[in-house]
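Please have the sequence and the 3D view open while I talk. I will go from a few loop residues to the sheets and then to the helices.

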Amino acid sequence: MKILVFTEKPFAPAAVKAIANAINAAGSEMKLVEGGTREDFIEAIADADALIVRSDKVDAPLLDHAKNLKVIVRAGAGYDNIDLDAASARKICVMNTPGQNSNAVAELVFGMIIMMCRNQYNGKSGSELKGKSLGIYAYGQVGRNVARIAKGFGMKLTALDKFVSDAVMEADGVTPLHDVKQLFSENDFVSLHIPATAETRNSIGYDLVMLMPKNGVLINTARKEVIDEAGLIKALGERPDLRYVSDIKPDNSEEFEQKFAARVFFTPKKMGAQTAEANFNAGVAAAEQSLAYLKDGWNKYQVNKF
Ligand code: 3PG
């Protein structure tokens with residue numbers, strides 16, 4: 001069986017080695033394409049039985065070239081880069097690897113919060129996290145790791161997630177909220193962990209951000225698509241105390257940076273899951289899940305239906 005690992009953003013070398021070992025040990029063959037073009041992708045997918053990707057776009061025209069493909073594993077959490085309907089129509093199983101890179105993303109949340117609270121280390125007096133309130137928007141694997149770390153900083157925690165019971169949050173010492181307006185109005189920091197879906201796209205904008213208390217910081221390690229950028233720019237323009245930090249450049253990054261300078265910060269590429277550990281965990285899980293599906297149809301983390 002041929003397993004294609006196609007990643008625009010390469011895994012750490014040790015992770016690639018471990019993925020190759022897992023695939024070879026099962027008697028399968030790995031083809032690795034890092035930083036390839038669309039043409040490279042089309043060529044490489046032609047004879048692949050399984051595909052492992054990160055945030056790489058997998059759409060219907062690409063799948064038209066994938067004559068042998070049986071399974072796609074997104075080495076990570078969010079699968080908004082994969083056309084699930086197109087995969088289902090071709091009876092291709094799509095899985096993600098939940099939890100494997102979530103600690104890495106959660107740690108970056110605090111790296112970004114501290115950077116903003118210390119004025120991007122420019123020498124001016126900043127502020128501390130202890131005693132401040134943090135609202136966690138979506139209480140999945142990343143949100144739970146954020147809560148765990150925030151407790152160490154002595155922060156007050158609330159979370160909102162309509163798919164998670166109050167009891168789960170309460171067991172973690174997190175106060176459940178049921179109103180997104182409350183999440184924004186009651187927290188010094190709001191950390192976004194919602195997936196990009198039809199419902200969440202452009203859902204965080206002027207009205208919500210304007211509710212934040214003085215010196216509020218919005219942290220986005222989720223997806224740029226959940227932000228209504230025009231609304232956020234308007235809010236930052238009217239409220240010189242607010243700050244926005246995002247793990248990936250927004251579409252209008254130049255406008256944000258020109259207008260708001262040190263009140264915004266964006267990573268050049270999505271860096272949340274870009275650690276040796278997360279690469280290893282998510283990459284090896286993706287390899288094992290691909291192999292298990294090819295061997296006997298194991299599909300515990302399947303996210304599409306056919
Ligand atoms: C995820 O959804 O798992 C994260 O956003 C990580 O994405 P990446 O694999 O492109 O770094």
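This is a predicted model: local features need pLDDT of at least 70, side-chain atom pairs count only at pLDDT 80 or more; totals for chains, interfaces and linings use all residues.

**Loops, sheets and helices**

K91 is found in the loop between α4 (84-89) and β5 (93-96). Is K91 buried or exposed? The relative accessibility of K91 is 56%, and because the cut-off for exposed is over 50%, K91 counts as exposed. The backbone of K91 also deserves a look: its phi is near 55°, a positive value in a residue other than glycine. As background, most residues other than glycine have a negative phi.

A second residue of this kind is N119, where phi is near 50°, again positive in a residue that is not glycine. N119 sits in the loop between α5 and β6. With a relative accessible area of 22%, N119 is partly exposed.

The loop between α5 and β6 also holds S127. Its relative accessibility is 27%, so S127 counts as partly exposed. Not counting residues up to four places away in sequence, S127 touches C117, R118 and K132. To give a sense of scale, S127 and V303 are 176 residues apart in sequence, and their C-alpha atoms are 42 Å apart in space.

Now to the start of the chain. Strand β1 covers residues 2-7, and β1 pairs with strand β2 (residues 29-34) in the parallel sense over six bridges. F6 stands opposite V33 in β2. Between the two strands the chain passes through helix α1 (residues 13-25), and this β-α-β crossover is right-handed.

What is the relative accessibility of T7? The value is 0%, so T7 counts as buried. Which residues is T7 in contact with, leaving aside neighbours within four places in sequence? They are V33, E34, G35, R54 and D56.

Next, the open sheet of seven strands. The order is β8-β7-β6-β9-β10-β11-β12, and the pairing is parallel. β8 and β12 (264-266) stand at the edges with a single partner strand each, so one side of each has no neighbour in the sheet. On average, neighbouring strands of this sheet are turned by 20° against each other, direction ignored.

Let me stay with β7 for a while. Why is strand β7 (residues 156-160) described as largely enclosed by the rest of the structure? Because four of its five residues are buried.

On one pairing, β7 meets strand β6 (residues 133-137) in the parallel sense over five bridges. In that pair, L134 stands opposite L157 of β7. β6, helix α6 (residues 141-153) and β7 together make a right-handed β-α-β unit.

β7 also pairs with strand β8 (residues 175-177), in the parallel sense over three bridges. Here the bridge partner of L160 is L177 in β8. From β7 the chain crosses through helix α7 (residues 166-171) to β8, and this β-α-β crossover is right-handed. A159 stands opposite P176 in β8.

Helix α5 (residues 102-117) lies across β6, β9 (189-192), β10 (217-220), β11 (243-246) and β12, and runs at about 145° to β11. α6 packs on the sheet and touches β6 and β7, with a direction that makes about 170° with that of β6.

The last item is a pair of helices. As background, two packed helices are described by the angle between their axes and the distance between the axes. For helix α10 (residues 229-238) and helix α11 (residues 253-260), the axes come within 11 Å and cross at roughly 0°. That makes α10 roughly parallel to α11, because angles under 35 degrees count as roughly parallel. From α10, the contact is made by E229, L232, I233, L236 and G237, and from α11 by E255, F256, K259 and F260. These residues divide into five nonpolar, one polar and three charged.

Which residues of α10 are buried? They are E229, G231, L232, I233, A235 and L236. What covers the buried residues of α10? The cover includes α9 (206-209), β10, β11, α11 and β12.

Definitions and conventions: Residues are numbered from 1 along each chain as its sequence is written. Side-chain values use heavy atoms; hydrogens and water are left out. Buried means under 20% relative accessible area, exposed over 50%, partly exposed in between (1.4 Å probe, protein chains only). Two strands pair if DSSP finds at least two bridges between them. A crossover is right-handed if, with the strands pointing away from the viewer, the path from the first strand over the helix to the second runs clockwise. Contact means heavy atoms within 4.5 Å. Axes are lines fitted to C-alpha atoms, for helices over the stretch in contact, and angles run from 0 to 180 degrees between N-to-C directions. Angles under 35 degrees count as roughly parallel, over 145 as roughly antiparallel, 65 to 115 as roughly perpendicular and the rest as oblique. Ala, Val, Leu, Ile, Met, Phe, Trp, Tyr, Cys and Pro count as nonpolar, Asp, Glu, Lys and Arg as charged, and the others, Gly among them, as polar.
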